[in-house]
Amino acid sequence: MNEIEKPYIILKAAMTIDGKIASINGDSEISDDKDWKEVHKLRSKMDAIMVGKNTVLLDNPKLYIKFYSNSGYYRIVLDSNLSIPIDSNIITYQPETYPTIICITENVSLEKINEFKSKKVIIIASGTGSHVDIVKLMPKLYQMGIKSVLLEGGGNLNWNFVKEDLVDEIQLTVAPWIVGGQDAISLVEGDGFLRMKDCPRYILSKVKTRDNYLLLKYLKRI
């Protein structure tokens, strides 16, 4: 793809040995206390945290920072049809410190947009299809001063960014157990690539172990 003005994208996740980020019933309690502190430390260095709408619907996260002092950041949700509840934590919890951006398509009604704007939510429309056009979205975020984004969403969000080759860095914590389950959520979901040669490639830049956990850092191959 052609170079575009875009934030630096870090995909951060904890997964099991078999590559699952949640069990078949959505249980995603994989990180231990030390790993969660590292997540919050990384959050404190970012301009924005991004999740997909399913993460909001399933977990209702606040996406704030504990353990470290910070001046806040943007919370971004990809929600093509603007379907998350307006009383979600990501909207109501400390909006003055963590302002929320919801990214939608241009098909959403003005009435619904204005309803969310009344809650001080920033709405960005990108694309006329059934899903947010994330390639067109990237320059819009960059022009807002968002130079770095941490992906903390689920497998579908990860796939959307991997598919478009937008991920600059991957930080993985591999937990020492296997959950199994054909329908358990994997690190990257979506349709997948048909041929290995079409997949984006990464360079392993750091390996650490802690207790029985494995910490991996990959950088995009240029």
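The dialogue below reads salt bridges, a helix, cysteines and a charged patch in a predicted model.

Q: How many salt bridges does the structure hold?

A: Side chains of opposite charge can pair when their charged atoms come close. In this predicted model there are six salt bridges, among them the pair of Lys6 and Asp168, whose closest N and O atoms lie 2.6 Å apart. That pair joins distant parts of the chain, since Lys6 sits in the segment before strand E1 (8-15) and Asp168 in the loop between H6 and strand E8 (169-174), 162 residues apart.

Q: Are Lys6 and Asp168 buried or exposed?

A: Both Lys6 and Asp168 are buried.

Q: Which residue meets Glu152 in a salt bridge, and where in the chain do the two partners lie?

A: The partner of Glu152 is Arg43, with 2.7 Å from N to O. Glu152 belongs to the loop between strand E7 (148-151) and H6, while Arg43 belongs to helix H1 (residues 33-43), so that the pair links parts of the chain 109 residues apart. Glu152 counts as buried because its relative accessible area is 17%, under the 20% cut-off, and Arg43 is buried as well, at 5% relative accessibility.

Q: What is the distance in the salt bridge of Lys220 with Asp165, and how accessible is Lys220?

A: The closest N and O atoms of Lys220 and Asp165 are 3.8 Å apart. Lys220 lies in strand E11 (residues 213-220) and Asp165 in the loop between H6 and E8, 55 residues apart. Lys220 counts as partly exposed because its relative accessibility is 24%, and Asp165 counts as partly exposed at 27%. Asp165 also follows H6 and has a positive phi, near 60°.

Q: Which residues of helix H6 are buried?

A: An α-helix has 3.6 residues a turn, so residues three or four places apart point the same way. In helix H6 (residues 155-163) the buried residues are Gly155, Leu157, Asn158, Trp159, Phe161 and Val162.

Q: How many disulfides are counted?

A: A disulfide is a covalent bond between the sulfur atoms of two cysteines. Here the count comes to zero disulfides. As for accessibility, Cys103 is buried, with a relative accessible area of 0%, whereas Cys199 counts as partly exposed at 23%.

Q: Which residues form the positive surface patch, and where is Lys208?

A: The positive surface patch is formed by Lys41, Lys45, Lys206 and Lys208. Lys208 is placed in strand E10 (residues 202-210), and Lys208 counts as partly exposed because its relative accessibility is 48%.

Terms used. Residues numbered from 1 in each chain as written. Predicted model: local features only at pLDDT ≥ 70, side-chain atom pairs only at ≥ 80, totals over all residues. Heavy atoms only, no water. Patch = residues over 30% accessible without salt bridge, like charges linked within 9 Å, V, L, I, M, F, W, Y side chains within 5 Å. Areas by Shrake-Rupley, 256 points an atom, 1.4 Å probe, with all protein chains shown as cover. Salt bridge = Lys/Arg side-chain N within 4 Å of Asp/Glu carboxyl O. Lys, Arg positive; Asp, Glu negative; His and termini not counted. Charge placed at Lys NZ, Arg CZ, Asp CG, Glu CD. Helix = DSSP H or I, 4+ residues; strand = E, 2+ residues; numbered from the N terminus. Buried < 20%, exposed > 50% of the residue type's maximum accessible area, 1.4 Å probe, protein only. Disulfide = S-S within 2.5 Å.
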